[in-house]
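Visitor: I'm new here, so please walk me through this one.

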Amino acid sequence: MIQNSKQKWMNLLRKSKTKSTYQKVNFTLTAVLLIVLLLLFLGIISGLVRCPYENQFGIPCSSCGVSRDIFRYLRLDFATPSNPHSLKIFIFFIGQVFLRLGLWMSKIKESSATIKLDIIVSILWIVWVFRSLLFGWLL
């Protein structure tokens, strides 16, 4: 079982050597996102750092509770979020994992148009997800 799993990872790494830089970036982003989500799922980094804004001023900032909520979402507890923005952020990160993994594994011909479309879609998605969190005081 372990040998079979190790062999699969070795095959995956061999395939990545023949991939383009764009596909390697997608693989790296996927790996980083999955590691962060795994650490949150295991509770290793959830609550590790206290909010400096809340420590300084005594009131929570607009991102307080997001990591705690993502920890809950990973355990399929969607009942009572601490932060109203956390579900959108969670969906964004899960969506990015699937998007990056799909782009890395796809047989779609890589072209400058594909890369530009990926960049534009990702930027628009980031702005939509984080606009109220970052610029809530302007809205």
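Visitor: How many helices and strands does the protein have?
Guide: This is a predicted model, in which local features need pLDDT of at least 70, side-chain atom pairs count only at pLDDT 80 or more, and totals for chains, interfaces and linings use all residues. Residues are numbered from 1 along each chain as its sequence is written, and side-chain values use heavy atoms, leaving out hydrogens and water. Helices (H or I, at least four residues) and strands (E, at least two) are DSSP runs, numbered from the N terminus. The order is α-α-α-α-α-α, and the count is six helices and zero strands.

Visitor: Is D118 buried or exposed?
Guide: D118 sits in helix α6, residues 112-135. Buried means under 20% relative accessible area, exposed over 50%, partly exposed in between, using a 1.4 Å probe and protein chains only. D118 has 10% relative accessibility, so this residue counts as buried.

Visitor: Which residues is D118 in contact with, leaving aside its neighbours within four places in sequence?
Guide: Contact means heavy atoms within 4.5 Å. By that rule, the partners of D118 are Y22, N26, L99, R100 and L103.

Visitor: How wide an arc do the buried residues of α2 cover around the axis?
Guide: The buried residues of α2 are Y22, Q23, N26, T30, L33, L37 and L40. The arc is taken from the directions from the helix axis to the C-beta atoms. These residues lie on the same side of α2, because their arc is only 115°.

Visitor: What share of the protein's residues count as buried?
Guide: The protein has 139 residues. Of those, the buried share is 25%.
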